[in-house]
Amino acid sequence: MAKKQYAIIGMGRFGSSVAKALSGMGYDVLAIDTDEQRTQEISGIVTHAVSADSTDEEALRALGIRNFDVVVVAIGEDIQASILTTLILKDLGVPAILVKARNELHGKVLSKIGADKIIYPERDMGLRVAHHLASPNILDYIELSPDYSILDMKVPKQMLGKNLLELDIRAKYGCNVMAIRRGDEMNITPRAEDRLADGDVLVIVGHKDNLTRLEMAYH
Ligand code: ATP
């Protein structure tokens with residue numbers, strides 16, 4: 001299977017981290033920014049870096065943007081440019097368009113015009129940090145949908161030495177323990193009789209309200 005080709009528009013902090021990470025994973029990446037200095041800075045890392053204005057349809061056409069499997073629009077501040085770019089990409093027939101949104105309203109417009117995925121980096125990171133601050137056992141919090149999330153929870157003292165059957169998290173909180181991480185090992189088929197040790201991390205999926213109940217109970 002041919003390797004996926006990615007184009008990233010906007011080399012701010014978010015766009016450039018995505019571009020660097022994909023390049024590091026061995027993918028072909030085209031980086032686009034109006035600011036020549038920004039494209040210069042990333043040019044040594046990605047496959048191609050060009051200075052272009054993504055609100056210029058002809059410029060995007062000339063870059064052959066429709067041949068990319070995924071295009072990420074990482075323009076934050078200029079909401080108008082972000083929306084216009086998304087519209088053009090959609091019109092040109094790009095198969096997958098991911099857009100960074102600045103706020104809910106921006107996200108709503110993006111979804112109406114057909115963006116395939118809308119990313120709220122600041123909001124999501126804020127959510128993760130807040131959960132960790134409210135209860136330090138929560139190492140990570142990832143939103144799967146408006147209603148469901150995944151929680152990484154360091155096993156609290158009250159759970160030490162107990163097994164999953166005794167804890168009965170599914171019946172008590174309606175959440176599912178998907179995996180138990182112990183150091184570098186990941187047990188992805190946890191069983192009822194698996195006992196929890198100090199330092200273990202539970203990976204739990206559930207409805208947000210149920211996860212909150214669980215977080216509160218083991219605060
Ligand atoms: P971050 O938080 O990721 O640093 P940001 O949300 O502050 O970014 P901006 O700085 O507004 O986002 O935009 C990111 C980059 O997108 C900038 O380098 C900017 O030059 C570039 N950019 C803005 N408009 C366009 C455009 N029309 N075409 C191409 N690049 C653009």
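I started with Ser-149 and its burial: the relative accessible area is 0%, so Ser-149 is buried. Buried here means under 20% relative accessible area, exposed means over 50%, and partly exposed is in between, with a 1.4 Å probe and protein chains only. I placed Ser-149 in strand E8, residues 148-154. I then checked its side chain and found a polar contact of 3.2 Å with the side chain of Tyr-141. A polar contact is a pair of N or O atoms within 3.5 Å; within protein, one must be able to donate a hydrogen and the other to accept it, and residues adjacent in sequence count only if both atoms are side-chain atoms.

I noted what I am working with. This is a predicted model, where local features need pLDDT of at least 70 and side-chain atom pairs count only at pLDDT 80 or more, while totals for chains, interfaces and linings use all residues. Residues are numbered from 1 along each chain as its sequence is written, and side-chain values use heavy atoms, with hydrogens and water left out.

**Whole protein**

I looked up the secondary structure and found nine helices and eleven strands. Helices (H or I, at least four residues) and strands (E, at least two) are DSSP runs, numbered from the N terminus. The C-alpha trace spans about 65 × 35 × 30 Å along its principal axes. The protein has 219 residues, and 40% of them count as buried.

**Ligand site**

I asked which residues come nearest to the ligand. They are Arg-13, Phe-14, Asp-33, Arg-38 and Asp-53, out of 20 residues around the ligand. To count as near, a residue needs one of its heavy atoms within 4 Å. By class, I found seven nonpolar, six polar and seven charged residues in this shell. Ala, Val, Leu, Ile, Met, Phe, Trp, Tyr, Cys and Pro count as nonpolar, Asp, Glu, Lys and Arg as charged, and the others, Gly among them, as polar.

Next I took the polar distances. A ligand nitrogen is 3.0 Å from a polar backbone atom of Ser-54. A ligand nitrogen is also 3.3 Å from a polar backbone atom of Thr-34. For Lys-100, an N or O atom of the side chain is 2.9 Å from a ligand oxygen. On its own the ligand has 630 Å² of accessible area, and the protein covers 84% of that. These areas come from the Shrake-Rupley method with a 1.4 Å probe; for residues, only the protein chains shown count as cover.

**Buried residues**

I found Ala-179 in strand E9, residues 176-182. Ala-179 is buried, because its relative accessible area is 3%. Its C-alpha is 6.4 Å from that of Thr-189, ten residues away along the chain.

Ser-135 lies in the loop between helix H6 (121-134) and strand E7 (138-143). Its relative accessibility is 4%, so Ser-135 counts as buried. Ser-135 and Glu-215 are 80 residues apart in sequence, but 7.3 Å apart in space, C-alpha to C-alpha.

**Exposed and partly exposed residues**

I found Asn-67 in the loop between helix H3 (57-62) and strand E4 (70-73). Asn-67 counts as exposed because its relative accessibility is 61%. Gly-93 is 26 residues from Asn-67 in sequence and 9.0 Å away, C-alpha to C-alpha.

Leu-87 is in helix H4, residues 79-92. At 35% relative accessibility, Leu-87 is partly exposed.

Asp-168 was my last stop, in the loop between helix H7 (164-167) and helix H8 (169-173). Its phi is near 50 degrees, a positive value in a residue other than glycine. Asp-168 is partly exposed, at 33% relative accessible area.
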